[in-house]
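Me: I'd like a close look at a single part of this protein. Please keep it brisk.

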Amino acid sequence: MGLSKNHQCYIAVPSHIVNSHLQNMLSSEKKITPLSRKFKLLLTNPRFWIFLVFLFGFVGLWLDFLPFSQNPCSISRELFTESEFWKQPDGLGYRPCLNFSKTGREILKDKTRYLMVVVSGGMNQQRNQIVDAVVIARILEAALVVPIFQVNPIWADESEFSDIFNLDHFKNVLGNDVRIVSSLPSTHVMTRPVEEKRTPLHASPQWIRSHYTRKLRRDGVLLLRGLDSRLSKDLPSDLQKLRCKVTFHALRFNPSILELGNKLTERMRSKGPFLALHLRMEKDVWVRTGCLPGLSHEYDEMINNERKRRPDLLTSRSNITYHERKLAGLCPLNALEVTRLIKALGAPKGARIYWAGGTPFGGKETLQPLTKEFPHFYNKEDLALPGELETFSKKASLMAAIDYIVCENSDVFMPSHGGNMGHAIQGHRAYAGHKKTITPNKRQMLPHFLNSSLSESEFNKIILDLHKDSLGQPDLRKRGRDVTKYPVPECMCNSTTIHSSM
């Protein structure tokens, strides 16, 4: 939060000193003493005035303060902004509140129906699909077989559920909601599961029941693939709460991942608060978003050529140009833009920064705008002791999980681009008490990035104003939004919502 232009600075002087001087000035008697005669002679000496001017000039330079500056509060303003950067938003008293209805807590005892799911994508995509798999199992009143992880063709990661998540914890937490089994029982092992590939986007519970219940009763086993965004974001209250329970309570990382992630967090925090950045600057990100890294003409051409060679990778709208995408806020921020943004928001030069993400396209040299401005800049490879990452380094999902833990536990978090990980961490930090999470307002701020006529102070004020409501404050979930990103009001409540529901 910046100070207003009308802000004034005052020098405090004790009132008894002011009063005594006023009395002396108003006194009608003129008392002349030998000491006052010497002082009068001193005032008429030119050497005294030259010395006084020199003294004031020296003190002004030493304090980096000009006596006739138009902005005498500039030093106080900087200190104010830096201290504000670490200030947490007002959570308005919201806390986790998973009060299921009585019908929503009935234990399902049926042992004849089993749901099998195959999840795909990166770790955070897999996580989202696991959440929806649990909810679909609940809708169908079926037991859920531990989800199968499809090998990712990009990272060739062969991790299984128990390599990433704590399976025993997952089963125990959901014990009263959905029965979780590690494999099909002997009575169903020889059953060929009915594979369903036609689940539409944002399917409702009614659609799920009407299309799958009969098949499940008849065959006993149903197999679903590609659950990403297949289940509606707008579900009955108990199912929304179940989503939150799976996301924030049941899906706990494997103990070895959790231990290392917590160690790296402690190393970052050993010298004070820290900022975590999730930087999306990898080659495949630039290709898929239809954007350009802006490093040089050669690098931009490499991305354009890759996109022409693999048009299927483009996930952003293909009927608009790169510049239109950029101004619409559809492109990741590059290192220079991230630097200018966090500086404008008050990040001190001495801030400790943890950066998560893969190696940027163009190598770590592309991060120079950040490292030059913020020298205390680390990732997991910088913080880990020799050998600590050895068992995780060949599996992208495990490395992503370590980044997730450090980012989730940081004092301030900011993603350079939207995505599954950024959204998941935003929801986790909201559920943990609305910890400060900066959501870049790219669409509104980028025109100001291109305006070279703005002074630094004008630019900073504009950026602060644009983000005053994008710092992790409670944000009510709107229709179509994911409750695991916006857990208020279905999964969190405060005294106001508690009283209004009674």
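Which way do Y114, M116 and V118 point from β2, which way do L115, V117 and V119, and are they buried or exposed?

Reply: This is a predicted model, in which local features need pLDDT of at least 70, side-chain atom pairs count only at pLDDT 80 or more, and totals for chains, interfaces and linings use all residues. Residues are numbered from 1 along each chain as its sequence is written, and side-chain values use heavy atoms, leaving out hydrogens and water.

Y114, M116 and V118 point one way from β2. L115, V117 and V119 point the other way. All of them are buried, meaning under 20% relative accessible area with a 1.4 Å probe, protein chains only. In a regular strand the side chains alternate between the two faces of the sheet.

Strand β2 covers residues 114-119, and six of its six residues are buried. Strands here are DSSP E runs of at least two residues; helices are H or I runs of at least four. β2 pairs with strand β3 (residues 143-145) in the parallel sense, over two bridges. Pairing requires at least two DSSP bridges between the strands. Y114 stands opposite A143 in β3.

Now the core. L115 is among the residues that touch the most other members of the largest nonpolar core, which has 66 residues. A nonpolar core is a set of buried Ala, Val, Leu, Ile, Met, Phe, Trp, Tyr and Cys residues joined through side-chain atoms within 4.5 Å. Helix α5 (residues 123-140) gives the most to this core, 10 residues.

Take F170. Not counting residues up to four places away in sequence, F170 touches I130, V134, F161, I180, V246, A250 and L251. Contact means heavy atoms within 4.5 Å.

Key:
Buried means under 20% relative accessible area, exposed over 50%, partly exposed in between (1.4 Å probe, protein chains only).
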